[in-house]
Amino acid sequence: GSGTDGGAPETKNHFADTTTYLPAPGSARAAAVEPGRALLHRTLSAAEANSVTLLCISSLKDAALFLRDNTQLCERSLKRVVVMGGAREDALADAIAAAAAEAAA
């Protein structure tokens, strides 16, 4: 499946330029790739209860929106969620400050 860039305007996808297995944007091959949210829904709907591990290796925006919009399906099907770590220091500091401000409000 294919997801999004997470919506970060300053992000440039350099990875796609270095691989031969990812289809070129706008190509017929790219159009044939199932959207990530559709793939997740199809996979989790067909899965046995508590049997799927969701591995998040890029932006968490798509996974977060899917989990929010399909809570019951995720609670039924997911066994665990594994997240690849990594963050920009400035983004982490901003997130901590925003969470603290929200908690204080």
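## Salt bridges

In this predicted model, three salt bridges are counted, a salt bridge being a side-chain nitrogen of Lys or Arg within 4 Å of a carboxyl oxygen of Asp or Glu. Local features need pLDDT of at least 70, side-chain atom pairs count only at pLDDT 80 or more, and totals for chains, interfaces and linings use all residues of the predicted model. Residues are numbered from 1 along each chain as its sequence is written, and side-chain values use heavy atoms, with hydrogens and water left out.

Arg42 pairs with Glu34, their closest N and O atoms being 2.8 Å apart. Arg42 is partly exposed at a relative accessible area of 48%, and Glu34 is partly exposed at 27%, where buried means under 20% relative accessible area, exposed over 50% and partly exposed in between (1.4 Å probe, protein chains only). Arg37 and Asp69 also meet through their side chains in a salt bridge, at 2.8 Å from N to O. Because Arg37 belongs to helix H2 and Asp69 to helix H3, this pair ties together parts that are 32 residues apart in sequence; helices (H or I, at least four residues) and strands (E, at least two) are DSSP runs numbered from the N terminus.

## Nonpolar core

The largest nonpolar core has ten residues, namely Leu44, Ala47, Val52, Leu54, Cys56, Ala63, Phe66, Leu73, Cys74 and Leu78; such a core is a set of buried Ala, Val, Leu, Ile, Met, Phe, Trp, Tyr and Cys residues joined through side-chain atoms within 4.5 Å. Strand E1 (52-56), helix H3 (61-69) and helix H4 (71-77) each supply at least two residues of this core, and E1 gives the most, with three. Cys56, one of the core residues, is in contact (heavy atoms within 4.5 Å) with Ala63, Val81, Val82, Val83 and Met84, leaving aside its neighbours within four places in sequence.

Asp62, Ala63 and Phe66 are buried in H3. Viewed down the axis of H3, its buried residues fall within an arc of 95°, so they line one face of the helix, the arc being that of the directions from the helix axis to the C-beta atoms. These buried residues of H3 pack against helix H2 (36-46), E1 and H4.

Ser77, placed in helix H4, is buried with a relative accessible area of 0%. Not counting residues up to four places away in sequence, Ser77 touches Leu44, Ala47, Glu48, Ala49, Asn50, Ser51 and Val52.

## Nonpolar surface patch

Leu55, Ile57, Val82 and Met84 make a nonpolar surface patch of about 390 Å². Patches are made of residues with over 30% relative accessible area and no salt bridge, like charges being joined within 9 Å and nonpolar side chains (Val, Leu, Ile, Met, Phe, Trp, Tyr) within 5 Å; accessible areas come from the Shrake-Rupley method with a 1.4 Å probe, and for residues only the protein chains shown count as cover. Leu55 lies in strand E1 and counts as exposed, at 55% relative accessibility. Two other members of the patch, Val82 and Met84, are among the residues in contact with Cys56.
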